[in-house]
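My notes follow the model.

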Amino acid sequence: MVSIKDVAKKANVSISSVSNALNGRANVSEKTRKRIIEIAKEMNYYPNTMARNLKVKRTKTVALCFSQFDRNFYFEIIKGINDCVVHNGYDLIICAHHSIEKFLRNGFIDGAMVLDKNVTDELILSTASEELPIVLFDRELEGGNIYSVVVDNYLAMEDLVNGLIKKGYTNYSFVGGVEHTQDNIERFKGLKDTLEKSDIEFIPKNYYHGDFTEKSGYQAGKLMIISNDISEVVICANDNMAIGVMKAFKESGLKIPEDVSVIGFDDIELASYLEPHLTTISTPKYEWGMYAASILFQVLDEEKTDIKPNKIKANIKWRKSSR
């Protein structure tokens, strides 16, 4: 394997001259720089960036912990993250499933963003440090060197339900996602609390369990049909499940929104193409990713370390799946 010593020997210069030339430093003449670069190319030599980065305790690489490849909701978030990472001159690694713990513990990355509900709080708390700040998308977690940028789920659901109450809806069902997740907990609490403030009872049997997938929404819709228990409006914890519910209802001859209204959360691209178009809560996905990544770089650049949890505002998109 060709080393910097070999290049220096062939060019008849010192090792420091080769290093200065390849790293663009000004203390080498342009003629010498060109000659060294040509020799390095001929010898197929490339600087060992990993070794250099270890000296300065930086790898110029950050990771996104992400495993939900079946949900296109996330891809705009990732685009926002990537654009911010590139702008800051870093590389982005996406690590998934079993590789996540390895990357959080092996010292290869300067920081991480977690967009994966399967990454446990314990793992985050045990790996976050000054050398590895972590930004969370899907939860708030108290601990050193941990920062959160989450959607204000409660406020968004409160606005939605108040709007539905004004439209005259009094009978509600909810299709929940994975129960322990902050998204699901806050969205259901926003629904239940807002109904209670208007003296409308949420009936416990109208809570249907899902897992944020279209299939689970479809199964919930089928269960409502089989039990002959269709509410005026079915609010789903995300759009994927709302699409599944709508599919089940349509197969059974129910008309949306004449017989039942269906509402989602997230505003994925498909929501505005469905028939009828899906009423939903829209989260600014690209900006969310960009903002979360920018916070990570503020920490890495030591501009800020006292960052409190940030709440992203989401807005209602009233469409034709509700009256």
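These notes go from the sheet to the cores.

I am working from a predicted model.

Sheet. I looked up the strand order first. Six strands make an open sheet, ordered E2-E1-E3-E4-E5-E11. Their pairing is parallel. I then checked the edges: strand E2 (91-95) and strand E11 (310-312) each pair on one side only.

I asked how many bridges join strand E5 to E11. There are three, and E5 covers residues 146-151. The two strands run parallel. I also looked up Val150: its bridge partner in E11 is Lys311.

Helix on the sheet. Helix H5 (residues 73-87) lies across strand E1 (61-65), E2 and strand E3 (111-114). I noted its angle to E2 as about 145°.

Cores. The largest nonpolar core has 69 residues. Met113, Tyr172, Phe174, Val175, Leu191, Ile235 and Val262 touch the most other members. Helix H12 (residues 285-300) gives this core its largest share, eight residues. Apart from this core lies another, of 18 residues, including Cys65, Cys95, Leu104 and Ile124.

Met113. Which residues does Met113 touch, leaving out those up to four places away in sequence? I listed Val62, Ala63, Leu64, Cys65, Ile81, Leu92, Val135, Phe137, Ala293 and Leu296.

Methods
Residues are numbered from 1 along each chain as its sequence is written. This is a predicted model: local features need pLDDT of at least 70, side-chain atom pairs count only at pLDDT 80 or more; totals for chains, interfaces and linings use all residues. Side-chain values use heavy atoms; hydrogens and water are left out. A nonpolar core is a set of buried Ala, Val, Leu, Ile, Met, Phe, Trp, Tyr and Cys residues joined through side-chain atoms within 4.5 Å. Buried means under 20% relative accessible area, exposed over 50%, partly exposed in between (1.4 Å probe, protein chains only). Helices (H or I, at least four residues) and strands (E, at least two) are DSSP runs, numbered from the N terminus. Contact means heavy atoms within 4.5 Å. Two strands pair if DSSP finds at least two bridges between them. Axes are lines fitted to C-alpha atoms, for helices over the stretch in contact, and angles run from 0 to 180 degrees between N-to-C directions.
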